[in-house]
Every structure is written in C-alpha cells, then in structure tokens.
Amino acid sequence: MGRKSKRGISLGDVVSYSLLTVAAILVAMPLLWMFSTSLRPTSESYQLPPQWLPTQFRWENYLAPFDSSVPFVQLFANSMKITLAVTLGQLVTCSLAGYAFARLRFPGREFLFLLLLASLMIPGQVTIIPIFLLMRSLGLIDNHLAIILPGLISAFGVFLMRQFFKQMPQELFDAARVDGAGHIRSFLQIALPLAGPALATLGIITFNAIWNSYFLPLIFLNSWDNFTLPQGIALLTGYMGAGNPSVVMAAVTMAILPVLAVFIVAQRWIIEALTRAGIKG
Amino acid sequence: MQNSTAFKGGILPEMTPKRREAVVGYLFILPTYIGFVIFILYPLIESVRISFLEFSILRDSTYIGLENYARMLGDSRLRIVYMNTIIFTLFAVFFNAGVGLLLAVLLNRRLPTLMRNLYRSVFFFPVLVAHTYIAVIWRFLYQQDTGVINYYLSFLGIEAIPWLSNVHWAMAAIIIMDVWKNTGFAMLVFLAGLQSIPNEYYEAAQLDGANERQLFFRITIPLLSPTIFFILVIFMIGALQVFDTIIVLTAGGPGDATRSVVLYIWELAFRNFDMGYAAAVSMTLFAIILVLTALQFVISRRWVHYE
C-alpha cells in the first residue's frame, strides 16, 4: 500500500503495528519455547504455563546429547562433511558452467542451457528410484557418496551464476584478451574474483538446503555411524524418550545454530538472493 | 599475440580462436553435463521404463505394459493419498500466500526501516530451518495433555484437541505448521513485488480522491498479480511434493489420514520394494507438475507483455 506523505499516526498504523507484533510473537514463540525448554531441568520441561524466556540455565542439557548413546558428534560431522562437499562441488561446477553459458560462444549453447534449465521441472521423487538402483549397483548404499554425488551439480546454481557473469562489463574481458589472457585465465583471474557475491549467495542457499535435507539421507543411509543430523534428531525424539524434551530441544537448538549464524552474518545476501530467485519467475 | 594466447590456453596451440573458445566452453560445462546425464536425464528415462515393469530389487523384473497404470485406477489408497495431498495443497497454498501477502502489505506501510527489517527477519527465519527440526519442536507443542497449544486454547474454553491422533486434526496440524514455516518466503517475495510498484501511481490516484481500499484493489492487486500468480504456482508445486513436513510430525498417520503422494511413493519403493508401481505413481505427479509449470510459463509471459 502506498506510503502516505501525511504525518501523524492513523488508526490504520495502530492496527497494522498490532497485527505485525502479534504475528511476530506467534512466529517467534515455538523457537523461544525450544530455547527456554532446552535450559530447563528435565523434570520441569513439561511444566505449564510454559516459559518463553529462560529463567533457569541448565547448560548441562547441552552436554547430554554428547553423553547419550546417540553419536551426536558423529552426526554433526557427517552432516558437515556432506554439506561442505556438496556446497564446494556446486560452487566449482556451477561457476564453470555459468561462465561458459554467459561468456563463451560454442555451437548448441542455447539449447544445452535450456535443456539444463528444463530439468528444474523434474521433481526429485521421479528420479530417485533409478538413482537408488544405480547407487546400489555401485555399492554406495549407506555411503555418503550416494548423497554427495548427485548434489555436485545444480541447474539453479548454473542459472544464478550465468546471470551474474552476464552482467559483467565486456570491457574487462576485452582488456584481458589484449593482455594476452586466454579464456581459462580470464575466468580464473577476472570473472571469479568479481563473482564473490554470487558465489556467496549460491554457497549459502546450497549449504542451507543440504544441511536441512532429509529425503536423500533417509533413503540412502541406514546406520548410526552414517546418519545425518536431521535424521539423528528425528530419531532422537523417539529414542531418548518423549519424556525428555529439554535434552531434545538442546540438540535441536545446536542443530539450528549454524543456520542462525549464517542468517545473521549473511542476511542481506540471503534475502536479496531469494527475492531475486523468486522474482525471476 | 595470437600464438602467445594459444600457448597460454595450453590446449592444441594450432586451433583457431573460435574453435578454442568452443572447446573451453564445452570443457567448462562438462562437469555439469556429466552430472546432468547421470543423475537427471538417465534416471528420468529409466524411471519411465521401470514404470512399465513389474520391478523389485528382490526379484527379476518383467515387462507388464500398462498394468501399473491400470492398477492405479483400482488403488483406493492412491485415491486417499491424492485427496490428502490436494487438501493439503489447497489449504497450505491459500494460507501461505494469504498470510504472506497480508504481512507484506503491512510491512510495506509507513514503518521505521529498522522495525521493518526486524519483523521481516523474524517472519523469514523459519524458512531456513529444516522441516525435521520444526516438526520435532511442534510435536511437543501439539501434545494433547502437555502441549503448549492446547494449554492456551483452554483459556478460550476449547477442550484439549487431539492434534496428532485424530484423523481430521492431524491434517490441520500439518497445515498450520507448514504455514508457520513457509509463509515468510511468500512475504519476502510479495514485499519485493510491492516495493517495485512506483509510488507515483498511488500519489496520482490519491490526487483523484481514491481511498485506501480503492488503492489496494485497483493498483496494488493488479500490479502485483504476476507475483501472486508466481507464488501460487511455486507453493503449489512444493505442496504437491510434501514429504519432510509430514514424515516427522505424523509419518502419514493416524492410519493414512495425512499420507501424501510422495510419502506413498517412498513407502512403495523403499519399504515394499514395489518399484515399478512406485515409478508409475511418480509419473502421475510429474505430469501434474509439468502442466503447472507450463501454465506458469505461458501466463507469466503474457503478463510481461501486458505491462
């Protein structure tokens, strides 16, 4: 709605402030409950009325997952390993392909790009059965490679990087050519150093998606040594008994922390990137 | 100059510059295309083939023509999971888009920038958190006797709701949680759309004596319609594939009350190893999503021309 130029506070302002505040409280409450419960003595974690801000600070709840029979450190390390491998892999493959589709001319370029882009329409559950059979024949069931390998490429990432490389001024590349730089050097020494924001955007989106992913680990991994954090925490709820929400919430809080940290540091990028991805249509 | 460039490129120095550019281009897209062929193109074709087979990793496969497709017609569980998915999709899309639009409109009013950014961050943050973790938290909140939600509802005189154990409430529980998590994304995109509407339109209309209601329905909504349409389609495609949200919260239960199509496909393929039939079911979902995407493509193109 138009921002009106007239000053003073209208009834509409009061209503909208109140609605926004109520909505913000409703959105924040489950996460506040998670945090305050994670710090409560386990005997009081079901206590009603609920407390929204922590009044007690049982930090030892945060140690409990590490002492339990659930290999929490291992789960964390597994998730981190898969997430970093996929993110780094995508940064490499997507920036290479994005650069080629944006700045290099070769026969079939437009067709190959559109074909790749069309694959965005294919839902993951359509391809999962053959991928499972493939991984099985390669002996990669219950192996992190089964999740990492299909994650190494991304049509969305190629699209994102291509858009970015396309916007770079041609003069930069002309100047490099005059200085005798080949295509590979132009890419490595001119395009890539300037692509920081795009790489950060792709990196953050991929990191978040893989860190949170559940479908593939559920299908491919079947031992506690190989489970990822979301799998572990989903199992933890039943495993540690529903009677111990404090410890479960401490584990969930720790699992969400990397996401929160990334969000605080890179909020502007995330919001811009997702908005742009959304607007592009 | 030509020669030195060629040598620095390092590959076949005698190639023409044009040729060299093409070779580098193909080399650069090679990793992506290898992955694309192995993990998207081949599985897609293979999936179509499997859908014509009686296929299980436990036995040899046999060609059975359209039998898997015919079997779907008589599969009462498939009807149930499709109904569930459609109900979830309708409600989730409506509320995600509706609440998102409302929040965006409110945030786009005269507000201190700091406040707008703070509220926007709060609304958006759940989008980044895994469905799995969200569901673990909400499972506690939804507890019938000890849950926080029923505790507050009791003040309104509402008796303890069996959120996760009742066939009707379980679906409502999933939709509420989904909207809580995902409406922030709709809000973000709508807000960007609203901010791209030039202020002059509103000023001109106000000079002509338009009231706020008229401004909203005559300017905001028409100019925002491509964004609204985009959000509806994106959320619809996402909701039709719902899996993570459900599996941790209710695992499809009670009974089949919240089982979605993808949960059913997963169960068929990886619990019952009835992979031929699972592949056939996945084709129906694929077809629906293709139609929606094509629709989105055609209509959004028309809109771009209109503006």
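Author: The C-alpha centres of domain 1 of chain A and domain 2 of chain A lie 32 Å apart in this predicted model, where the domain bounds come from an automatic or database domain assignment. Domain 1 covers 11–57 and domain 2 covers 65–280. Residues are numbered from 1 along each chain as its sequence is written, and chains are lettered from A and ligands numbered from 1 in the order in which they are written. Because the model is predicted, local features need pLDDT of at least 70 and side-chain atom pairs count only at pLDDT 80 or more, while totals for chains, interfaces and linings use all residues.

Reader: What makes residues of domain 1 of chain A and domain 2 of chain A count as being in contact?

Author: Two residues are in contact if their C-beta atoms, placed from the backbone, lie within 7 Å. By that rule the contact takes 8 residues from domain 1 of chain A and 8 residues from domain 2 of chain A. On the side of domain 1 of chain A that touches domain 2, the residues divide into 3 nonpolar, 4 polar and 1 charged; here Ala, Val, Leu, Ile, Met, Phe, Trp, Tyr, Cys and Pro count as nonpolar, Asp, Glu, Lys and Arg as charged, and the others, Gly among them, as polar.

Reader: How is chain B divided, and how many residues of its domains are in contact?

Author: Chain B has domain 1 (2–7 + 14–68) and domain 2 (75–306), and 34 Å separate their centres, taken over C-alpha atoms. Helix 2 of chain B gives the most to the side of domain 1 that touches domain 2, with 3 residues.

Reader: How do you know what to call a helix, and how many helices does chain A have?

Author: Helices (H or I, at least four residues) and strands (E, at least two) are DSSP runs, numbered from the N terminus. Counted in that way, chain A has 13 helices and 0 strands.

Reader: What radius of gyration does chain A have, and what would a compact globule of 281 residues have?

Author: The radius of gyration is taken over C-alpha atoms, and the globule rule is 2.2 Å times the number of residues to the power 0.38. For 281 residues a compact globule would come near 19 Å, but chain A has 24 Å. Along its principal axes, the C-alpha trace of chain A spans about 70 × 70 × 35 Å.

Reader: Where do chain A and chain B touch, and which helix of chain A gives the most?

Author: In the model, 75 residues of chain A are in contact with 83 residues of chain B. Helix 13 (residues 245–280) of chain A gives the most to the side of chain A that touches chain B, with 13 residues. That side of chain A divides into 52 nonpolar, 16 polar and 7 charged residues. For the complex, the predictor gives an ipTM of 0.86 and a pTM of 0.88.

Reader: Why is A251(B) called partly exposed?

Author: A residue is buried if 20 or more other C-beta atoms lie within 10 Å of its own, exposed if 12 or fewer, and partly exposed in between, with C-beta atoms placed from the backbone. A251(B) has 14 C-beta neighbours inside 10 Å, and therefore counts as partly exposed. A251(B) is found in the loop between helix 11 and helix 12 of chain B, and its phi is near 55°, a positive value in a residue other than glycine.

Reader: Why is F273(B) called partly exposed?

Author: F273(B) has 14 C-beta neighbours inside 10 Å, so F273(B) counts as partly exposed. F273(B) lies in the loop between helix 12 and helix 13 (275–306) of chain B, and has a positive phi of about 55° although it is not a glycine.

Reader: What joins G253(B) and P254(B)?

Author: A cis peptide bond joins G253(B) and P254(B), with omega about -5°. P254(B) lies in the loop between helix 11 (244–249) and helix 12 (261–270) of chain B.

Reader: What makes a set of residues a nonpolar core, and which residues touch the most other members of the largest one?

Author: A nonpolar core is a set of buried Ala, Val, Leu, Ile, Met, Phe, Trp, Tyr and Cys residues joined through C-beta atoms within 7 Å. Of the 156 residues in the largest nonpolar core, V252(A) and Y133(B) touch the most other members.
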